[in-house]
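Colleague: I am new to this model and would like to be taken through it step by step. Could we begin with the terms?

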Amino acid sequence: MSAIHLSSPEEYTRLIDQYDTWMFDCDGVLWHGDRLIPGAIEVLSLLREKSTYLQLFSIPIRRLNKIKQEKKVIFVTNNATKSRKSYKGKFDNLGVEASVDEIYGSAYAAAVYISSVMKLPKDKKVYVIGQSGLEEELRDEGVSFIGGTDPADCTIAPFSLETFTLDPDVGAVVCGLDTAINYTKLSKAFQYLTRNPGCQFIATNEDSTYPAAHGLLPGAGAISAPLRYALGKDPIAIGKPAKTMLDCIKAKVHFDPKRTIMVGDRLNTDILFGQAGGVSTLLVLSGITLASEISGPNPSPIVPDYVTSSIADLAVVGK
């Protein structure tokens with residue numbers, strides 16, 4: 001089955017009316033780096049203003065009642081450099097309406113996984129390859145950690161096993177996007193994963209790249225790749241397209257999968273994530289995925305339900 005390429009105001013109107021819960025990726029969908037994609041604010045405002053009227057029959061008199069239900073807007077990002085609270089700051093700076101409870105990042109999901117699914121004992125800790133946002137989410141979940149932004153790990157000095165002291169309490173290594181990645185962090189993580197019995201290897205997400213303001217940069221998947229190669233095994237992946245992220249959302253938000261749509265710019269994360277969760281998918285061509293990847297001579301086997309050039313296209317409904 002091929003994707004439906006949306007173009008007319010009538011098609012966009014039907015799309016908006018059909019879904020009550022809208023899940024949005026952020027990078028490449030709402031913004032590029034710190035540059036807002038034109039029309040993003042208008043479309044989000046339009047969705048928040050739209051309401052669905054549920055028709056219910058009152059029993060036993062069988063009178064038809066209408067109940068107003070607001071559309072839900074949820075932001076689902078694989079970005080693990082920011083906590084939900086700091087991500088809220090980015091929304092505010094860009095003028096995008098969002099509450100902390102509407103934001104679900106892979107750093108938050110990883111912290112919840114470690115505390116609530118893995119149930120890491122309180123006397124254990126996590127070694128972090130990542131930035132302050134990941135540390136903040138771990139801290140909020142009551143998970144102890146080392147590494148990360150510690151100056152002792154953000155060093156250009158050569159790593160030496162002679163001076164390294166293994167911490168036997170490290171029960172997991174969690175790896176996210178880390179712009180200060182170095183040989184010391186990779187070496188320490190490798191030591192814990194190979195020398196501490198039962199130490200778990202966790203990746204916040206496996207994105208190979210991410211769209212910055214002026215082009216693509218290596219993503220969190222590229223940061224964990226050296227460890228995967230050295231260990232000869234894959235990590236437990238938390239972010240999209242893994243089901244763990246959706247389970248995290250389901251624990252907080254009630255939604256009907258049949259009336260839910262995932263909007264993203266990446267086939268192998270956003271669209272797969274939606275499909276794995278049984279929700280509809282809308283691919284926007286404002287980020288990673290090119291039009292040729294879905295309609296060229298060798299199209300991707302991952303087929304979204306709908307395709308449009310940008311989130312701004314939906315703004316035609318409000319005009």
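Modeller: A pocket is an open set of points on a 1 Å grid over the protein atoms alone, where a 1.4 Å probe fits, with protein on both sides within 12 Å along at least five of seven lines; a lining residue has an atom within 4 Å of a point. The model is predicted, so local features need pLDDT of at least 70 and side-chain atom pairs pLDDT 80 or more, while totals for chains, interfaces and linings use all residues. Residues are numbered from 1 along each chain as its sequence is written, and side-chain values use heavy atoms, leaving out hydrogens and water.

Colleague: Which strand gives the largest share of the lining of the largest pocket?

Modeller: The lining includes Asp27, Asp34, Asn79, Lys82, Lys90 and Leu177. Tyr210, Pro211 and Ala212 also belong to this lining. Strands (E, at least two residues) and helices (H or I, at least four) are DSSP runs numbered from the N terminus. The largest share, three residues, comes from residues 209-212, which form strand β13.

Colleague: Which element gives the largest share of the lining of the second largest pocket?

Modeller: Among the residues around the second largest pocket are Tyr108, Val112, Tyr113, Glu141, Asp247 and Lys252. Two elements, α4 (106-117) and α8 (243-250), each give two or more residues to this lining. The largest share, five residues, comes from α4.

Colleague: Lys90 lines the largest pocket. Which residues of helix α3 are buried, and within what arc do they fall?

Modeller: Buried means under 20% relative accessible area and exposed over 50%, with partly exposed in between (1.4 Å probe, protein chains only). In α3 (residues 84-94), the buried residues are Arg84, Tyr87, Lys90, Phe91 and Leu94. They line one face of the helix, because their directions from the axis to the C-beta atoms fall within an arc of 105°.

Colleague: In what order do the five strands of the open sheet stand, and which strands are at its edges?

Modeller: Strands pair if DSSP finds at least two bridges between them. The pairing in this sheet is parallel, and the order is β10-β9-β11-β12-β15. The edge strands each have a single partner, so one side of each is left without a neighbour in the sheet; they are β10 and β15 (236-237).

Colleague: How many bridges join β9 to β10, and how many join β9 to β11?

Modeller: Strand β9 (residues 125-129) has four of its five residues buried. With β10 (residues 144-147), where Lys125 stands opposite Ser144, β9 pairs over four bridges. With β11 (residues 170-175), Val126 is opposite Ala172 and Ile129 is partnered with Cys175; the bridges there number five.

Colleague: What joins β11 to β12, and through which helix does the chain cross between them?

Modeller: All is covered in β11, where six of its six residues are buried. Four bridges join β11 to the parallel strand β12 (residues 200-203), with Ala172 partnered by Gln200 and Cys175 opposite Ala203. The crossover is right-handed, meaning that with the strands pointing away from the viewer the path over the helix runs clockwise. The helix on this path, residues 183-195, is α6.
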